[in-house]
Structure formats: structure tokens, C-alpha cells
Amino acid sequence: MIKKAVEDALNEQINAEFQSAYLYLSMSAYFQAAGLSGFANWMRIQYQEELAHATRFFDYVNERSGRVKLAPFSEVQVEFSGIVDVFETTLSHEQMVTDLINKLMDVSIQESDHATKSFLQWFVDEQVEEEANVGQILNNLTLIKGEGQGLLMMDREMQTRVFVNPFPAKA
Ligand code: FEO
């Protein structure tokens with residue numbers, strides 16, 4: 001049986017992952033309205049990844065015979081001052097998620113919950129990748145100054161991103 005402190009922290013994480021999905025879907029809509037369908041696609045895949053994360057946490061709480069408690073979402077940002085603003089917001093959001101995962105890991109350690117520690121390790125590694133990917137996109141945007149032919153090429157590249165379920169056995 002899962003301890004209450006761990007269960008509460010996992011429930012908060014389910015909400016944070018859904019909240020991330022909601023934010024990235026909003027960003028996808030922003031790009032779509034701006035005529036950047038490749039960037040819109042990239043954010044839509046990001047949204048799907050966050051849904052997969054949320055669902056994996058949901059399944060894990062159930063696997064441990066815990067009680068999932070879904071909480072309301074907060075309002076998400078709808079308008080941005082440009083592409084760089086969107087990805088800077090994404091980076092700071094992912095840094096916040098990394099902090100949450102680290103705090104969740106701390107709770108698991110305090111409660112000697114080795115199963116949850118092991119479960120969380122995938123997310124610890126994933127956050128390193130997420131922050132690196134967004135940092136790379138910000139670098140590329142700086143190189144092309146966020147405009148012109150470079151932006152068009154980048155938009156085409158963003159179009160090629162496809163969703164790969166990170167937890168196929170759990171789908
Ligand atoms: Fe599920 Fe982007 O962290």
C-alpha cells in the first residue's frame with residue numbers, strides 16, 4: 001500500500017502533467033493561428049507526450065492500490081509575443097516540472113518508497129532530455145533570428161515530429 005504523502009505528491013504530479021498538456025495545446029493553437037503549421041505540429045506532439053506522462057502516473061497510482069484524485073486545471077496562457085516567447089515559456093515550464101519531479105523523488109526517499117523511486121527515474125532522465133530539446137530549439141531560433149527563409153525551413157523540420165508512445169505496453 002502506498003503511503004499518503006507519496007500518493008498526494010503523485011496526484012499533484014498527475015495534475016501538473018495534464019496542465020502541461022493543456023499549455024502545449026494552447027501553444028499549438030497559437031502557432032496554427034500564426035500560420036506556422038510545423039511548430040503547431042511540434043506542440044501538438046508535446047501535448048500528446050504530456051498526456052502519456054499524466055496517464056502513466058495515473059496507472060502507477062492504481063497499480064500501487066492508491067487512490068487517484070483528479071484536480072481542476074488552471075487557466076493557461078493563450079497569447080505570446082512571438083516564437084521565442086513561446087519556447088522561453090516552455091523552457092521555464094519544463095524547469096518547473098523538473099523541480100516537481102525532484103521534490104517527488106525527495107518524498108519517495110523520505111518515505112523509503114523504493115518502488116516509486118525506481119518508477120520516477122525514467123521521468124528524471126526524461127526531464128534532462130526535455131530541457132535540452134527546448135534549449136536546442138531556442139538556440140536555432142537565435143541563429144535564424146526567428147525569421148525569413150530559416151524560419152520556413154525550421155517550420156518544415158518541426159512538421160516531421162511524430163508521436164511515439166513512451167509507454168506502449170501501458171497504452
Ligand atoms: Fe511531462 Fe514535459 O514533462
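**View 1. Asn 41 in helix H2 of the predicted model.** Asn 41 is buried, at a relative accessible area of 17%, because buried is taken as under 20% relative accessible area, exposed as over 50% and partly exposed as in between, with a 1.4 Å probe and protein chains only. The residue belongs to helix H2; helices (H or I, at least four residues) and strands (E, at least two) are DSSP runs, numbered from the N terminus. Beyond its neighbours within four places in sequence, Asn 41 is in contact with Met 158, Gln 159, Thr 160 and Arg 161, contact being heavy atoms within 4.5 Å. The structure is a predicted model, in which local features need pLDDT of at least 70 and side-chain atom pairs count only at pLDDT 80 or more, while totals for chains, interfaces and linings use all residues. Residues are numbered from 1 along each chain as its sequence is written, and side-chain values use heavy atoms, with hydrogens and water left out.

**View 2. Helix H2 and the residue Ser 65.** H2 has 27 residues and spans 39 Å from its first C-alpha to its last, close to the 39 Å expected at 1.5 Å a residue. The expected span of a helix is 1.5 Å times one less than its number of residues. Ser 65 follows H2 and has a positive phi, near 60°. Ser 65 is located in the loop between H2 and H3 and, with a relative accessible area of 47%, is partly exposed.

**View 3. Ser 112 in the loop between H3 and H4.** Ser 112 is found in the loop that separates H3 from H4. Although Ser 112 is not a glycine, its phi is positive, at about 50°. Its relative accessible area of 49% makes Ser 112 partly exposed.

**View 4. Helix H4 and its kink.** H4 contains 30 residues and reaches 44 Å from first C-alpha to last, close to the 44 Å expected at 1.5 Å a residue. A kink of about 30° is centred on Leu 120; the bend at a residue is the angle between axes fitted to the seven residues ending there and the seven starting there. Leu 120 is among the buried residues of H4, which also include Thr 116, Phe 119, Phe 123 and Glu 126. The cover over the buried residues of H4 includes helix H1 (4-33), helix H2 (37-63), H3 and H5. Just after H4, Lys 145 has a positive phi of about 55°.

**View 5. Glu 88 in helix H3.** Glu 88 is part of helix H3, which covers residues 83-110. With 46% relative accessibility, Glu 88 counts as partly exposed. Its C-alpha atom is separated by 26 Å from that of Leu 120, which is 32 residues apart from Glu 88 along the chain.

View 6. The largest pocket has a volume of about 180 Å³. On a 1 Å grid over the protein atoms alone, a pocket is an open set of points where a 1.4 Å probe fits, with protein on both sides within 12 Å along at least five of seven lines, and lining residues have an atom within 4 Å of a point. Grid points are joined across faces, edges and corners, and a volume is the space filled by probe spheres set on the points. The lining consists of Trp 42, Asn 133, Gln 136, Ile 137, Asn 140, Met 154, Glu 157, Met 158 and Arg 161. H4 (114-143) and H5 (148-159) each supply at least two lining residues, and the largest share, 4 residues, comes from H4.
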